[in-house]
Amino acid sequence: MNDLISQVQSLLENKTIDIFIGYEKGTRKPRPAFVSKAEEAGKLIFNENCSGNLAVYLTRKDLVEGKKVGIAASYYTLKNIILLFDENQLKEDHLRIITLSEKGEIQLLQSLEEIKQRLKEMSAPAKADEEEWVRKIDAMTVSERWAFWTEELSRCFKCYACRAACPMCYCTKCIVEINRPQWIQPWASVFSNMDWQINRVMHMAGRCSDCGACGAACPVGIPIHLLSHKMAEAVKENFGEPDEKGNVLSTFKPDDKENFIV
Amino acid sequence: MKRKYISRHSLMNCLKKVQTDGISLYAPVTRGEQTDFRFITSVDDLSFDSVQTVRSAKAVAFPCSEKLFSYTKEKNDVQLQDYNPDVLPEVLVFGLHPCDAVGFGPLGSIFNWDTQDKPYNERRKRLTLISLACTRADEYCFCTSVGGGPGNTEGSDIQLTPIQEDGYLAEIITDKGNEWYEKYSSFFEEAAEDIRKENYLVEIPVKFNIEEVERKMTELFESDIWQLQSERCIGCGACAFVCPTCACFDIQEDAHGNTGNRIRCWDSCGFALFTLHTSGDNPRSTQSQRWRQRLMHKFSYMPERLTVVGCTGCGRCSRACPVDMNLSDNLKMFNYE
């Protein structure tokens, strides 16, 4: 941990960064922590239990606007950083990234190219629970699936923790906040909860890192991350791997498939 | 206060009888890793073992969304169909912990502060609360820091304390509890006089001095403590929605041509939209201002205006928070010299 602390201290002292977004000891697991002064860096930790996706803070204007930012990045945070670069939300020379090597050593990444390279070397963390869920849902008939999601989404009370925890949900005005026209009923009910989740996931088409932060944030335990996971699978099957030219949601090509339009 | 004994077996039979008498049962049910309140059809679904349900019991009196009235427009006239309390069920809320039972106090104060809120009051008067004193707690519990405790009887009509594997000490607390007891007295036995309830309760350490928190907070409106505490808050409504005393709501229109419903639904002061004006101005434009509002409302404004703290120490906000905004940790910061 001393490596991390001294690295962050030197980044702050030589003014390479103004703020560092990392983790500190939390109640049951590590939680996000912010350090702007070298003398506060002692509280920082970084290990395999630091799984919360900190990329969500990179678009928080009140926190980072006009600042040079350092961030502790796990596998999915790196993926989201690349996605945010693709959407022109980050500036390369304003970002320094600290990752962990397989041996748990601190590594400093200073450019987008280095992030991409590092990500290629890393393997995605295993998600045994999620795979089990996906297998179960894939095996369901359409009506069983409908019953499953109806039951699950009947518990949603629209706290929007899924939206708040997602690094890609950075719109300053969300579709659920628009009332002329009111696309989605703002009160909780099974169908309007479905409307919300379907819209949320559609907006993630080709943009989702599959980090699972949405599902992890849900206080009532609805496995909504499976929706974005399946969306990512469908996008890959139909449109291939993402490339630098932009994601499926926000790009148009004349030869795009139109067979899904009724 | 009457003290009785009821065995687990009798209790289950009693609850079955309650259901056949047409009273709805709202109680904790475990599903996967979570336990939460639900209307149950079978007493076998009841869960007695959770430290805490995900949500508080407040939804039974203050539903997540509720129709206040309906209307039909006819030429130059409007016909109103007012809120109809006659269709509301009698509900036995069973197995809530003392921190939830006591929560109906602050909640009721808010709904009767100015206007007497008909939907809330009509629902509330149809509730009987049979609480379960706490023999287990976790590191998020802090009821003893806000004037409560694992065996606090305030708000409960009857309180059960598990005194052995298969039996409970039953304290009959209110008139309503007594009426309920009289109706179902055949399921109860006399309690041994030497039962000392406190021997069975879990110990919950006091984490901060609440008077000091209230006093300091009131002076710190302009302090940078709010910015410091709220940096990692991502502005969702999880804390407010699981809270037993949060009562913020929004009013929405469910319009269908010439007919429609006026809907009241949960809202949260943590949302940016909550205070956004039509002009585009937002008097609480940052998360730190919204965090300050949340805490000051509970620990300064409510004690001042309603003479009640807006927190029961249930710890749900801290358990539900995606980024571990631990409330008692933050409140401790207001205890300083």
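Author: A salt bridge is a side-chain nitrogen of Lys or Arg within 4 Å of a carboxyl oxygen of Asp or Glu. This is a predicted model: local features need pLDDT of at least 70, side-chain atom pairs count only at pLDDT 80 or more, and totals for chains, interfaces and linings use all residues. Residues are numbered from 1 along each chain as its sequence is written, chains are lettered from A and ligands numbered from 1 in the order in which they are written, and side-chain values use heavy atoms, leaving out hydrogens and water.

Reader: What makes Arg28(A) and Glu139(B) a salt bridge?

Author: Their closest N and O atoms are 2.7 Å apart. The limit is 4 Å, so the pair counts. Side chains of opposite charge can pair when their charged atoms come close.

Reader: How many salt bridges does the rule find across the interface of chain B and chain A?

Author: The rule finds 8 there. Over all chains, the structure holds 39.

Reader: How do you know that Arg31(B) and Glu151(A) join two chains?

Author: Look at where each one sits. Arg31(B) lies in strand E2 (residues 24-31) of chain B, and Glu151(A) in helix H6 (residues 142-153) of chain A, so the pair joins two chains. Helices (H or I, at least four residues) and strands (E, at least two) are DSSP runs, numbered from the N terminus. The two side chains meet in a salt bridge at 3.4 Å, N to O.

Reader: Why is Arg31(B) called partly exposed?

Author: Buried means under 20% relative accessible area, exposed over 50%, and partly exposed in between (1.4 Å probe, protein chains only). Arg31(B) has 30%, so it is partly exposed. Glu151(A), at 31%, is partly exposed too.

Reader: Why is Glu152(A) called buried?

Author: Its relative accessible area is 4%, so it falls in the buried class. Its salt-bridge partner is Arg155(A), at 3.1 Å, N to O. Arg155(A) has 14%, so Arg155(A) is buried as well.

Reader: What makes Arg31(A) and Glu24(A) a salt bridge, and are they buried or exposed?

Author: Their closest N and O atoms are 3.0 Å apart. Both residues are buried. They also belong to a network of salt bridges, which links Glu24(A), Arg31(A), Lys43(A), Arg232(B), Asp324(B), Asp329(B) and Lys332(B).

Reader: How much area do chain B and chain A bury between them?

Author: About 2800 Å², with 55% of it on carbon and sulfur atoms. Buried area is the accessible area (1.4 Å probe) that two parts lose on being put together, summed over both. In chain B, Glu231(B), Arg232(B) and Ile234(B) lose the most area to chain A, together 20% of what that side buries.

Reader: How many residues does the contact take from each chain?

Author: Chain B gives 36 residues and chain A gives 33. Contact means heavy atoms within 4.5 Å.

Reader: How many residue pairs are in polar contact across the interface?

Author: The rule finds 16. A polar contact is a pair of N or O atoms within 3.5 Å; within protein, one must be able to donate a hydrogen and the other to accept it, and residues adjacent in sequence count only if both atoms are side-chain atoms. On the chain B side, strand E3 (34-40), helix H8 (238-242), strand E11 (249-256) and strand E12 (259-266) each supply at least two residues.

Reader: Why is helix H3 of chain A called largely enclosed?

Author: In H3(A), 10 of the 12 residues are buried, so the rest of the structure largely encloses this helix. Among the buried ones are Tyr75(A), Leu78(A), Ile82(A) and Phe85(A). The buried residues pack against strand E4 (69-72), strand E5 (95-100), strand E6 (106-109) and helix H4 (112-121) of chain A. Just after H3(A), Asn88(A) takes a positive phi of about 60°.

Reader: Why is Gln287(B) called buried?

Author: Its relative accessible area is 8%, so Gln287(B) is buried. It sits in helix H9 (residues 287-306) of chain B.

Reader: What makes Gln287(B) and Arg290(B) a polar contact?

Author: Their side chains are joined at 2.8 Å. Leaving aside neighbours within four places in sequence, Gln287(B) is in contact with residues including Asp62(A) and Ser230(B).
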